[in-house]
Amino acid sequence: MGRRRYTRFAKVFLLLIVNPSATADGTDCVRVANLDFEAKYPQRTWMRNMDKSHLYLIGDVPGFTPQIGRLVSMMNYARYTTLTAVENLSVEELDYLHDPETNSIGALLLHIAAAEAGYQAATFYARDLTEQERQEWGAALDLGESARREIRGHELDYYLSRLQQVRAKTLDELGRREDQWLEEQTSFGNGQNVNNYFKWFHVFGHEINHRGQIRWLRTRAPRRL
């Protein structure tokens, strides 16, 4: 993926945060995942609506209640740093295994998406992943040997598309909720109480953790000439 095309992806991602009307029913977000920006998001459209000054502001976001908007602000920044960490990676770099026990960058990207899908089920629908969903995300959820074997050979576009499809659903669902929803509690298996605010804090904290691994792997992966 060339730098110019990748930059379009990052900028359209920011547009979805700054202009939530594009995500009202989730359909525009899914179209973004096709990465066909020339046809569906011509430059004059997304450049006019995007305001990168929002990237470093944790505060109100149009289309979200105040506390949810602050949560979205933090999720947005975490995702932006993930996108910049994988900019222009080749298939070989995405598939690189530093040793027999590590995960590839590609697998970690899918794992980030899979974990978010799992928290969607838990917090938006009060359920576990269905059997079909577990089959869809299986190797990405578990990582390890199955991921090393199955998650290979994809261009960067594939991983970015999966990340964006999941995030589009998250934003759509968060936009339907009030701040009080963040305070709703369940319990972990150890009996500790946990609220939805902490669960979604954990989602982007989890992403930041794996982004650090991605940056480490990128500096060690053989680079294409």
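This is a predicted model: local features need pLDDT of at least 70, side-chain atom pairs count only at pLDDT 80 or more; totals for chains, interfaces and linings use all residues.
A residue counts as buried when its relative accessible area is under 20%, and as partly exposed when the value falls between that and 50%.

**Aromatic pairs**

Searching the whole structure turns up 7 aromatic pairs. One of them joins Tyr158 and Tyr159 in an edge-to-face arrangement. Their ring centres are 5.2 Å apart, with 75° between the planes. Tyr159 has a relative accessible area of 0%, so this residue is buried. Tyr158, at 29%, is partly exposed.

Phe198 and Phe201 also pair up, and because their planes meet at 50°, with centres 5.8 Å apart, the pair is described as tilted. Both residues belong to helix H11, which covers residues 196–218. They are 3 residues apart there, so about one helical turn separates them. Phe198 is partly exposed at 40% relative accessibility, and Phe201 is partly exposed at 43%.

Here are the two pairs side by side:

| Pair | Centre to centre | Angle between planes | Arrangement |
|---|---|---|---|
| Tyr158 and Tyr159 | 5.2 Å | 75° | edge-to-face |
| Phe198 and Phe201 | 5.8 Å | 50° | tilted |

**A cluster, and charges over rings**

Which residues form one aromatic cluster? They are Phe124, Tyr125, Trp181 and Trp200. You can find another arginine over a ring at Trp137, where the charged end of Arg162 sits 4.4 Å from the ring's centre.

How values were computed. Residues are numbered from 1 along each chain as its sequence is written. Side-chain values use heavy atoms; hydrogens and water are left out. Rings of Phe, Tyr and Trp (its six-membered ring) pair if their centres lie within 6.5 Å; planes under 30 degrees apart count as stacked, over 60 as edge-to-face and the rest as tilted. Buried means under 20% relative accessible area, exposed over 50%, partly exposed in between (1.4 Å probe, protein chains only). Helices (H or I, at least four residues) and strands (E, at least two) are DSSP runs, numbered from the N terminus. A charge sits over a ring if NZ of Lys or CZ of Arg is within 6 Å of the ring centre and within 35 degrees of the ring normal.
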